[in-house]
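Please show the sequence and the structure, and then take a reader who is new to them through a few questions.

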Amino acid sequence: MILEKMSYDVLFQQSNLGIVVLNPNFTIVDANKTYLKAVKKSKAEAVGKPCHEIVWGYAVPCLLSQVGFECPLVQTLRTGESAHVIHEYHVSEDQARYFNIATYPIRDRNDKIVRVIELWRDITKEFSSRCEARVRRIETDMKKLIQEDRMISLGKLAASCVHEINNPIQGLLTFSHLIQMILEEGVPTKENMENLKKYVSLMSGELERCGNIVSGLLSFSRESPVEYTYMDINEVLNAVISLTHHKMELADIRPDKRLSPEPLMIMGDANQLQQCFLNLIFNAVEAMPMGGELSIISERDSVSENSRIEIWDTGCGIRDEDISHIFDPFFTTKEEGEGTGLGLSIVYGMVKNHKGDIKVKSRVGKGTSFTLTFPSL
Ligand SMILES: Nc1ncnc2c1ncn2[C@@H]1O[C@H](COP(=O)(O)OP(=O)(O)O)[C@@H](O)[C@H]1O
Ligand SMILES: [Mg+2]
């Protein structure tokens, strides 16, 4: 018997599990070294005191609202069964340890619970490495979604750019016919020489236009690493407006561009911002199937010095019951195949990456405005 008791004592004291024996009134009867080390108390300080005081410093048993989970001891006393929770224990202000806590009831001959044994297993390492792996997975998924969203935007752009490229191509064809005709006449006259020069220069202009459209599309489709540089938001807005102006024209939308006369410098990633503004403009265009007006305004707030960009449309507006969901991933009111519900969640994430803010105001049947704010440097 003595030998058995000694074995239990060794197990109790040497276990790398924190072990605490409790009374049903929450007071600590006994605790091993591992438990006392975790709660940073000596045995004399802990024994006889209630566990809620030792662990959390509370005078009364912990409430779900205070600690974020139902106390396993309370659960065991209520159900008569063992219980378990994961407990985040703050060792210091910025350092937490995670414990898997399990409680087991000990009963007397009349089946009454007389003690509860609580086992604390430190799972900080395991938990942190799983969290890190999960975060890495979310980051890769996010990158994939962002790229997918870029490809969708690219598809939408390409459709309108095909029209835009077609115009200069028609011009090129006409000029090349004219040049051919002059050359077929033999040695050009002085006047024809002047015409040839004019046509070639007009052709270069048209070719440049095509080149700009294609390189705009190419640079947009490229998956580029995030790079924060000192940059002018107005430049990004101008690039996005020139990429989308034909799409607006086709949809009978009048753009009203009012950019601040001075550059709006922020620390930003031009690709991310371009994707944000494109998504907002596409949404506005899609909200005005019968045409309308799209205002793009940028300015520096005179008080806070923050950069403010407003994009507002005279489209269908957003219903009150939808407005709190529009930034949720996969929330869409569009028909299948027309909307993925990704755009605004990506915009939200990117604005937050820039330590910025996004606000929406909308009235059904009147229109919607999105206001983005970016901190001054
Ligand atoms: N400018 C806008 N006008 C009206 N509704 C809008 C506007 N922008 C966003 N929405 C609403 O928010 C939803 C989510 O937008 P988004 O995340 O871009 O996904 P998607 O455009 O693929 O539906 C849209 O389906 C639409 O209901
Ligand atoms: Mg969208």
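Q: Which residue's side chain meets that of glutamate 126 in a salt bridge?
A: This is a predicted model, in which local features need pLDDT of at least 70, side-chain atom pairs count only at pLDDT 80 or more, and totals for chains, interfaces and linings use all residues. Residues are numbered from 1 along each chain as its sequence is written, chains are lettered from A and ligands numbered from 1 in the order in which they are written, and side-chain values use heavy atoms, with hydrogens and water left out. A salt bridge here is a side-chain nitrogen of Lys or Arg within 4 Å of a carboxyl oxygen of Asp or Glu. With an N to O distance of 3.7 Å, the partner of glutamate 126 is arginine 121.

Q: Is glutamate 126 buried, partly exposed or exposed?
A: Buried means under 20% relative accessible area, exposed means over 50%, and partly exposed lies in between, with a 1.4 Å probe and protein chains only. The relative accessible area of glutamate 126 is 38%, so this residue is partly exposed.

Q: How many residues apart are lysine 156 and glutamate 286?
A: The side chains of lysine 156 and glutamate 286 meet in a salt bridge of 2.7 Å, N to O. The pair links distant parts of the chain, with lysine 156 in helix H7 and glutamate 286 in helix H10, where helices (H or I, at least four residues) and strands (E, at least two) are DSSP runs numbered from the N terminus.

Q: Which residue is linked with Lys156 and Glu286 in a network of salt bridges?
A: Lysine 156 is partly exposed, because its relative accessible area is 22%, and glutamate 286 is partly exposed as well, with 28%. The network that links Lys156 and Glu286 also holds Lys334.

Q: Is glutamate 206 buried or exposed?
A: Glutamate 206 is found in helix H8. Leaving aside neighbours within four places in sequence, glutamate 206 is in contact (heavy atoms within 4.5 Å) with Asn167, Pro168, Gly171 and Leu172. Its relative accessible area is 17%, and glutamate 206 is therefore buried.

Q: Which helices do the buried residues of H8 pack against?
A: H8 has 32 residues and reaches 47 Å from its first C-alpha to its last, close to the 46 Å expected at 1.5 Å a residue, the expected span being 1.5 Å times one less than the number of residues. Among its buried residues are Leu196, Tyr199, Met203 and Phe220. The buried residues of H8 pack against helices H7, H9 and H10.
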